[in-house]
Amino acid sequence: MVISYRRRKKMVGSELLCVNLAVVDFLCCICFYPLSILSSFNHAWLGHHVTCVYYGLGCYIFGLCGMFTIAAISVIRYLKTFYNLVYAVWLDGANIRLVCCASWLIATVWSSFPLFGWGEYVPEPYGLSCTIAWHSYHTSFKDAFYVICSFSCFMLVPVLLIVMSQIQILYKVYHFTYTLSARGIRTNLRHTEKRLSMMFFCISLGFVTAWAPYAVVSFLFIFHKDNRYMAPGGFVFPALFAKSSHIYNPFIYFYFNKAFRQELRCLLRSFCPRLARNRVGVRSAMGQEGLPGGPHPIQIQLQELGMSGGGIRVTPSAVDHRPVQCLTWAGAHRS
């Protein structure tokens, strides 16, 4: 989030959705998961019904918002890949912000239904967190309607959109790459598009994989009124695995996004000046008349704290043309 703020003027539409996903992950880990951790040490849920509703409502809002955001990323990537010219004007920053606001609004409204009698939030079978009362499917028509719609409209449909969009995008990128390779065309655009597609694919795959076990267990629990079909421990591991989806998204983004890595290095250097110590890098290149193999100009780049890469050029007559290694600035003064 800090890095996104630093480069806010350079961000494009799809990156706003990634920021929205980062906000979801961060706030969910800060505001709700500590309560579950403290309950684990207490071996029982802390607080009463109020804290259970707070935890269940908040986690469901952020869970839905994260799912809607990833679905929006997948669909927008699909539209840009297949219909770029048609939707190029529509897929700009203002409309992407509307998508982010709509995801929060829909998630908040639907998650608030249990507060008005459509479903309820209760402790999970292992008693260390709270969620929707999936077994309330058997209690009334309103509860059954809410549970079924939660699965079909707010879980199954977004997952299908994510899976189908990502499959189509990967196929298109693979076909595009194969066509260029067959014609002997090498371009950085091909490599960039592959990395970008793989980044969003890994984020989507990680989210779906993390939540799939919990969704299956909850779905099975809908049709049984008691817990005799599964021990409470059977609910623990799917729930913990689902919560892990908020952790690894930054690592995926760090691995695939070069600009993110560069901004992170600059941020670390601003907090730790030792990472930005002055150093002299020396590079030799071909290009001087009279030397074997062509010219050999030497370029000395001086990188200082607070500088992005100013340079000093030294003519070949001023220095020897022997191979030179990278030197520290202090070593350069001593020589």
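**Exercise 1. A single span**

How far apart do the end C-alpha atoms of residues 144-164 lie, and what percentage of the span is helix?

*Solution.* Keep in mind that this is a predicted model. Step one is the distance: the end C-alpha atoms of residues 144-164 are 28 Å apart. Step two is the make-up of the span, which is 100% helix and 0% strand. Now look at residues 96-118, where the chain is 70% helix and 0% strand, with end C-alpha atoms 31 Å apart.

**Exercise 2. The whole chain**

Find how many helices and strands the protein chain has, and what percentage of its residues is buried.

*Solution.* Start with the elements: the chain has twelve helices and six strands. Next comes burial. Of the 335 residues, 38% are buried. Finally, turn to the contacts between residues at least 6 apart in sequence: 66% of these join residues at least 24 apart.

**Exercise 3. Sorting the cysteines**

Which two cysteines form a disulfide, and how far apart are their sulfur atoms?

*Solution.* First, the count: the structure holds one disulfide. Its partners are Cys52 and Cys130, with sulfur atoms 2.1 Å apart. A disulfide needs sulfur atoms within 2.5 Å, so this pair qualifies.

Second, the geometry: the angle about the S-S bond is -120°, and the link of Cys52 and Cys130 is left-handed.

Third, the position in the chain. Cys52 sits in helix α4 and Cys130 in strand β2 (residues 130-132), so their bond ties together parts 78 residues apart in sequence. For burial, the cut-off is under 20% relative accessible area. Cys52 counts as buried because its relative accessibility is 2%, and Cys130 counts as buried because its value is 3%.

Cys31 is in no disulfide, and the nearest cysteine sulfur, in Cys28, is 8.2 Å away. Cys31 is partly exposed, at 33% relative accessible area. For Cys59, the closest cysteine sulfur is also that of Cys28, but the distance of 4.6 Å is too far for a bond. Cys59 counts as buried, with 17% relative accessibility.

**Exercise 4. The surroundings of Ile169**

Is Ile169 buried or exposed, and which residues does it touch?

*Solution.* Begin by locating the residue: Ile169 lies in helix α7 (residues 141-182). Then check its accessibility. Ile169 is buried because its relative accessible area is 1%. Next, list its contacts, leaving out residues up to four places away in sequence: Ile169 touches Ser74, Arg77, Tyr78, Thr81, Phe82 and Ser197. Last, compare sequence with space for one pair. Ile169 and Met198 are 29 residues apart in sequence, and their C-alpha atoms are 9.6 Å apart in space.

How values were computed:
Residues numbered from 1 in each chain as written. Predicted model: local features only at pLDDT ≥ 70, side-chain atom pairs only at ≥ 80, totals over all residues. Heavy atoms only, no water. Helix = DSSP H or I, 4+ residues; strand = E, 2+ residues; numbered from the N terminus. Buried < 20%, exposed > 50% of the residue type's maximum accessible area, 1.4 Å probe, protein only. Contact = heavy atoms within 4.5 Å.
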